[in-house]
Structure formats: structure tokens, C-alpha cells
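Welcome, and thanks for taking a look at this protein with us. Here is a short briefing to read alongside the sequence and the model.

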Amino acid sequence: MTTDDIAECWREIGVSGDRSCPELDEHLHCRNCPTHAQIARKLLDRPLPPGYRDEWTRHFARLDEKAPEGEEVDSVLIFRIGEEWLGLPAGICREIAEPRPVHSLPHRRSEAVRGIVNVRGELLICVSLPALLGIGAAAATRGAERIAIFPRLVVTGEETRHVAFEVDEVHGLHAYRAHERGAVPATVGRAAASVVETMIPWNGRAVGCLDAKRLLDLIDRSIA
């Protein structure tokens, strides 16, 4: 950002006169410039403050006083497709990325295969979870909430095979205990019920937790 740019900003907000400042010029930069990137890199690479790792370890390992001691704990990545909130087992969640262009494949035989995407130089098959699970892909209504939501690309799979799928929104990781698991309701479609292992409560909603093996088998069959 140059001195002329700063002066123009002052004029746009109705401040007259010369407001150029050498110290201000030194610290104001466009977010795409090397200086901005260098400062961001220093911020992200700085050493962890004392106790930071222990604090978050205690946070994610906290015990539920209402649950029996030693009860099994599972973690899922909670995301939304259309009106449905689903949970992907954390063990097969590899990466969450910004949406990428999907390049179609010739002679596709399955509607569940959208094409291929480039994720950090690796070409991955992009599948359609709505087509696989038989759920609607229309965006959910947010009502009066003013929270920005962003579509994401989720990379899943085992160590030697990765695939990607698009979601409308990602909440993040959520840990739950065995006593929170509930039965899959009969209203869940046949395709989704074949891979939804259990239902858990979360923020006043019911989240369908996917079974890792059955989901990956279903994806393998769709791209075979």
C-alpha cells in the first residue's frame, strides 16, 4: 500500500489534509504482498506458549462426569450436506480443503462419481455423497443466523487410497461417548441407513455417524 493509496483511503472516509505517516506506511500492506505473508509465517511458526499443549490435551481428553469411568470415546468430523448433518469417523478424515474445480471423466458409469480434483498436486476422485446416500443436496435454511458458512472439500480414505467429496458446511471434530449413541430412525433412506452406524445428539440436532468400513466399501463399488 503506497502513500497515495493511504491518502485516497482518508479521502474516502471524509478526512481531509495530509495524513501520510512513515510508521503507518511501514506496517500497512496488501494482504497478497510478501511482507504480509512473511508476518503471517512468523505468527504461525512462533513457539507454543507455556502450558498451551497441556491445556488443549486436557480439553479434548476431558471426562464426562455422567459417563461411567473407562467408557469408550469416539471422534467424528461433523459436516452438513443439504439438510443432513453427518459424522465422518476421525480415523479416515485426511484433510479439509477449499473447494476445487472438478474435472469430469469421460464415459462415467456412475452418477456418484463427479470427476477428479487436484489437492496439493495429487489427483483424487471426487464422489457425490448425496448420490451415494440418497440425500438431498439443497442448502439448508439458516433463518435469522448471520454466520458465514463455506463449502468445503473433504478428503477421506485409508493410507493408500484417498477420495474426496464436497460438503456444504464443516463444523469440526466432535467427541462423543458410547452412552450417547442412538438407533438409526426408520425415516433414514435405505442407502444412507446402510452406512449410518448410529445417531448422536449435537447442538440440538441428530447427527448420523457413518461407519468407516461400509462407507469406503460403498465408495469403492461406485468407482469400480
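**E95 and its surroundings**

Leaving aside residues up to four places away in sequence, E95 touches V119, R120, L153, V154 and V155. Please keep in mind that this is a predicted model.

*More on E95*
- E95 is part of strand 3, which covers residues 93-97.
- With a relative accessible area of 19%, E95 counts as buried, because the cut-off for buried is under 20%.
- The side chains of E95 and R120 are joined by a polar contact of 2.8 Å.

*The chain as a whole*
- The protein chain holds 7 helices and 10 strands.
- Of its 224 residues, 30% are buried.
- Among contacts in the chain with a separation of 6 or more, 57% are between residues 24 or more positions apart.
- The chain exposes about 15,100 Å², and carbon and sulfur atoms supply 53% of that area.

*The second largest pocket*
- The second largest pocket contains about 200 Å³ of space.
- This pocket is lined by 14 residues, of which E84, I135, V188, G189 and A192 are the closest to its centre.
- Two or more lining residues come from each of strand 2 (84-89), strand 9 (196-202) and strand 10 (205-210).
- Strand 2 gives the most to this lining, with 3 residues.
- By type, the lining residues of the second largest pocket are 9 nonpolar, 4 polar and 1 charged.

How values were computed:
Residues numbered from 1 in each chain as written. Predicted model: local features only at pLDDT ≥ 70, side-chain atom pairs only at ≥ 80, totals over all residues. Heavy atoms only, no water. 1 Å grid on protein atoms, 1.4 Å probe; cavity = no way out; pocket = protein on both sides within 12 Å on 5 of 7 lines; lining within 4 Å. Points joined across faces, edges and corners; volume = space filled by probe spheres on them. Helix = DSSP H or I, 4+ residues; strand = E, 2+ residues; numbered from the N terminus. Nonpolar A, V, L, I, M, F, W, Y, C, P; charged D, E, K, R; others polar. Buried < 20%, exposed > 50% of the residue type's maximum accessible area, 1.4 Å probe, protein only. Contact = heavy atoms within 4.5 Å. Areas by Shrake-Rupley, 256 points an atom, 1.4 Å probe, with all protein chains shown as cover. Polar contact = N/O pair within 3.5 Å; in protein donor to acceptor, adjacent residues only side chain to side chain.
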